[in-house]
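Hi everyone, thanks for making time for this. I'd like to walk you through a structure that may be new to you, so please have a look at it with me.

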Amino acid sequence: MAERRRRLELTWIGKEERLRLEPGILLEDTALSCQAAKRVTDHDLLDNRLIHGDNLLALKALEQEFAGKIKCIYIDPPFNTGKAFEHYDDGLEHSLWLDRMARRVELMRTLMADGGVLFVHLDQEEVHYMKVVLDEVFGRPQFLGQIAYERSGVSGIGQGGAFLVNTHEYILAYTKDRSRFSAADLQGEGPLEPSAMKRYNRVLVSTGARREVARFKAPSTGEPVVIYKHSGFDVQSISLRDFERRKEKIDAEYARHFAAIFRLTSIQKENEFQNRIISHCKDGFFSADYLVSRGKSKGERTTLYYMDGQAAVWLRDTAKLVDGRVVRTGKQSDFWAHADIPKANLANEGDVDFRRGKKPEFLIRRLLKLVTEPGDWVLDAFAGSGTTGAVAHKMGRRWIMVEMGDHCRTHVLPRLRSVIDGSDRGGVTATTGWRGGGGFRFFNLAPSLVEKDDAERPLRAVAHAGPWALAAGGVGAEVP
């Protein structure tokens, strides 16, 4: 023990006490399990799990079947702020909170695939302590990063803070084995800002007719580069006048002309190849056909456009259309701005009321996009209102959710049913193209099998197994 305490670690009351966990079972309630009336695709996901009960015990019960299989775990536990919430006690003594979290993340690590990822969502009250706990459980080299999530703008409500306005929450990311980890999709999305619109405001309505004006051999390929001058072309501009008043109309115009919107840029002096093309494109509208010699389009023939001695750069190369609006794209950063994640209708997502606890579906979608592929298993041991399962289902991921509160039945259950029957039209439904289907199984954690004395102290654990057991050696109660 003395040798162990020589290392750098976070300690708290009760850390060295190890609990034995009573063997127990999970019982399916077929009356609450749900499947779509008919198959929507040949790969509908039907074996998802919604578990009602203590998450520590449920996590242990899942070990035998799911150890090493979960690709992504997202948890949004009580932040331990000391505030009263409708569905949670959010004011545990600090050591007790740490102890409960440590025991749960140890079990989560067992369930994770080697290249799997755990996301832990907290605010400034406990995030730094949790970072040290996770360093101990996973090892510091397995830390992937910390996301700063701006839940609201400075002018929003509920930030508080006696010193600075508190607008952020934090998401810690750990993998089980960094050598086996690879990201699935690091492309980020965000709104098209007015500054970008001022640059990208030209629309190529028509290229008109073209005639050859020059050609030369490309040094890198030996293939011809053919340059054309265009006549009868039509280039128009999108007006940004009275931007705030006309914003909705301007956004619609950008979406309508998305594929044809461009800006002009000068060619760097070092780029001899492009400057040779530009030397023939000084006055008017031009294009050049040639074989690409490098980059992601290597070996493909392309046509680039030029205007008045500058090159055309297309908005579609750094943006895309999502739900009828233009969003910019680029490599994901660790700062997720309030404006980047739609949440205007958050209160109504899933058609459940879960004040001060519900996370936006677009936030969970962004996390799952980073590290999962369709068919991967996703786990949320603090299900809350059921957002993780709803988003995972719409994205074609298999899911397990655990929730011990009554809202497992009053919130999560109806929310998931509406996803399956296709009546949930909010959140990421349109973005994912979701139209219903699939199903899930509903489980209750079996009552404790431990015999206790008059003072509620355990006498002995009663071994039991049944046809509904998900895993032999599961759990039903904590035994000190």
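Let's begin with a pair of side chains: Glu189 and Lys320 are joined by a polar contact of 2.7 Å. Before I go on, please keep in mind that this is a predicted model.

Where does Glu189 lie? You'll find Glu189 in strand 11, which covers residues 187–191. And is Glu189 buried or exposed? Its relative accessibility is 12%, and because the cut-off for buried is under 20%, Glu189 counts as buried. Leaving aside residues up to four places away in sequence, the neighbours that Glu189 touches include Val322, Val327, Arg328, Gln332 and Asp340. Arg365 and Arg366 are also among them.

Now let's move to the nonpolar cores. The largest one has 43 residues, and the members touching the most others are Ile75, Met108, Leu118, Met130 and Leu134. Which helix gives this core its largest share? That would be helix 3, residues 94–111, with eight residues. If you click on Leu134, you can see some of its surroundings: setting aside residues up to four places away in sequence, Leu134 touches Val105, Leu118, Val120, Gly139, Leu172 and Tyr174. There is also another core, apart from the largest one, with 35 residues. Cys34, Ile341, Met401 and Val428 are among its members.

Finally, let's look at some empty space. Rolling a probe the size of a water molecule over the atoms shows where such space is left. The second largest pocket has a volume of about 980 Å³. Its lining is made up of 30 residues, and those nearest the centre are Gln274, Tyr290, Val292, Thr302 and Leu304. Which element supplies the largest share of that lining? Strand 18 does, with six residues. Helix 7, strand 17 and strand 19 are among the elements that each supply at least two. By type, the lining of this pocket divides into 14 nonpolar, 10 polar and six charged residues.

Note on methods: Residues are numbered from 1 along each chain as its sequence is written. This is a predicted model: local features need pLDDT of at least 70, side-chain atom pairs count only at pLDDT 80 or more; totals for chains, interfaces and linings use all residues. Side-chain values use heavy atoms; hydrogens and water are left out. Helices (H or I, at least four residues) and strands (E, at least two) are DSSP runs, numbered from the N terminus. Buried means under 20% relative accessible area, exposed over 50%, partly exposed in between (1.4 Å probe, protein chains only). A polar contact is a pair of N or O atoms within 3.5 Å; within protein, one must be able to donate a hydrogen and the other to accept it, and residues adjacent in sequence count only if both atoms are side-chain atoms. Contact means heavy atoms within 4.5 Å. A nonpolar core is a set of buried Ala, Val, Leu, Ile, Met, Phe, Trp, Tyr and Cys residues joined through side-chain atoms within 4.5 Å. On a 1 Å grid over the protein atoms alone, a cavity is a set of points where a 1.4 Å probe fits but cannot get out, and a pocket is an open set with protein on both sides within 12 Å along at least five of seven lines; lining residues have an atom within 4 Å of a point. Grid points are joined across faces, edges and corners, and a volume is the space filled by probe spheres set on the points. Ala, Val, Leu, Ile, Met, Phe, Trp, Tyr, Cys and Pro count as nonpolar, Asp, Glu, Lys and Arg as charged, and the others, Gly among them, as polar.
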